[in-house]
Amino acid sequence: MKRICFTIGSTDIKSGIVKVVLNLIRELRCDNNYKISVLSIKEITKKDIFFEYMPDNIELLTLNINDNARKTVIFSAIPELIKFFNKHNFDTIIISGMEFVIPFYVAGLITKTKTKFIAWEHLNFFAGPKFRLEWIGKRIAIKYFKNIVTITKKDFNQYINYKKNTPVYQIYNVGKYPARTNEYNSNTKKIISVGYLAHIKGFDMLMDIARKVFDIYPEWSWDIYGEGTERLNLETKIKELNLENNVHLKGYSSDINNKYSEYSMFVLTSRQEGMGMVMIEAQKAGLPVISFDIPCGPSDIIVDGINGYLVKPFDIEKMASKIAELIENTEKRKVFSDNSTVNHMELENEFILKKWKEIL
């Protein structure tokens, strides 16, 4: 039996990385060839909430680092990981997030551990400024790690183009999608977006797009699900643009998959994504999806003009016009809904698990 350990930065269940790690673990734990543990870098502060989502019979470990400064966390992790490697003997550790490659690599050198490291990229190769934690972590992984896992095909090619013969695998994230049970609701006049309320998710641009859309279609509305550091700024912008009757910050929902049937379309305005699982969730629920064609994610799952639209990055006018096009064309929305899961074969969990098992 192989001993496998997945790392997470914290046990904050609102984190997209935590969710995709737990989804993969739920599938792998059914295989008796693996004994699986989860290592939280930070101190567990929301244990009761996290354990509602934590699969049964999975060992939870922590380095107990109580700090919110990213650099401090990374370098505080090194001595704790040295103790960890001296105490635990895993066959493979999957490092979720390239910024955490640094402490694992350093601690691994010091302890001379035989554990195999797999670096799991959750954003993309060009994410993060030069010489910062992610940038350094990616290059350490490329040079010294046995395997790197990227989420999208574009990101896979970016890694390969940086250094030929790099041991890189492209594997989509395991999803937890309920079976679609509803017909597409063509009568609803509501748009949905979902994501952490941070600058990278582009909700500030969403407000500018919304202003253009609702100047023409004031009877429509746009709901945003998620919480985050930008909430107050977004509330201010909603007031500045007089969007209080049309744009609503709905907060975090643990039941988002059952919300999609209330909406007409899903819109993604992110500046950057690793994959964009919310787009897949929306498509599985039968929604047309419109997204900026940012480097990684949307083009893997949206077939432009077939089940949604890809818009030139950050072209607010074009995004507003594509939304308007679907608002005005009920029949096209229905066609996009019918085609919503086109191009989804490699997103099936059985296919994904087979690829993971090949490298574990």
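Reader: Which residues form one aromatic cluster here?

Author: In this predicted model, the cluster is made up of Phe84, Phe85, Phe90, Phe104, Phe117 and Phe145.

Reader: What makes Arg3 count as lying over the face of Phe90?

Author: Arg3 is 4.3 Å from the ring centre of Phe90, and the distance limit for a charge over a ring is 6 Å. The charged end of Lys190 is likewise placed over a ring, that of Tyr263, at 4.7 Å from its centre.

Reader: Why is the pair of Phe292 and Phe314 called edge-to-face?

Author: Happy to show you! The structure holds 17 aromatic pairs. In the pair of Phe292 and Phe314, the ring centres are 5.6 Å apart, and rings pair within 6.5 Å. The planes stand at 70 degrees; since over 60 counts as edge-to-face, the name follows.

Reader: What parts does that pair tie together?

Author: Phe292 belongs to strand 12 and Phe314 to the loop between strand 13 and helix 11, so the pair links parts 22 residues apart in sequence.

Reader: Which element supplies the largest share of the lining of the second largest pocket?

Author: Helix 4 does, with 3 residues. The pocket has a volume of about 220 Å³, and its lining divides into 5 nonpolar, 3 polar and 3 charged residues. Among the lining residues are Phe117 and Phe145, which also belong to the aromatic cluster.

Conventions
Residues are numbered from 1 along each chain as its sequence is written. This is a predicted model: local features need pLDDT of at least 70, side-chain atom pairs count only at pLDDT 80 or more; totals for chains, interfaces and linings use all residues. Side-chain values use heavy atoms; hydrogens and water are left out. Rings of Phe, Tyr and Trp (its six-membered ring) pair if their centres lie within 6.5 Å; planes under 30 degrees apart count as stacked, over 60 as edge-to-face and the rest as tilted. Helices (H or I, at least four residues) and strands (E, at least two) are DSSP runs, numbered from the N terminus. A charge sits over a ring if NZ of Lys or CZ of Arg is within 6 Å of the ring centre and within 35 degrees of the ring normal. On a 1 Å grid over the protein atoms alone, a cavity is a set of points where a 1.4 Å probe fits but cannot get out, and a pocket is an open set with protein on both sides within 12 Å along at least five of seven lines; lining residues have an atom within 4 Å of a point. Grid points are joined across faces, edges and corners, and a volume is the space filled by probe spheres set on the points. Ala, Val, Leu, Ile, Met, Phe, Trp, Tyr, Cys and Pro count as nonpolar, Asp, Glu, Lys and Arg as charged, and the others, Gly among them, as polar.
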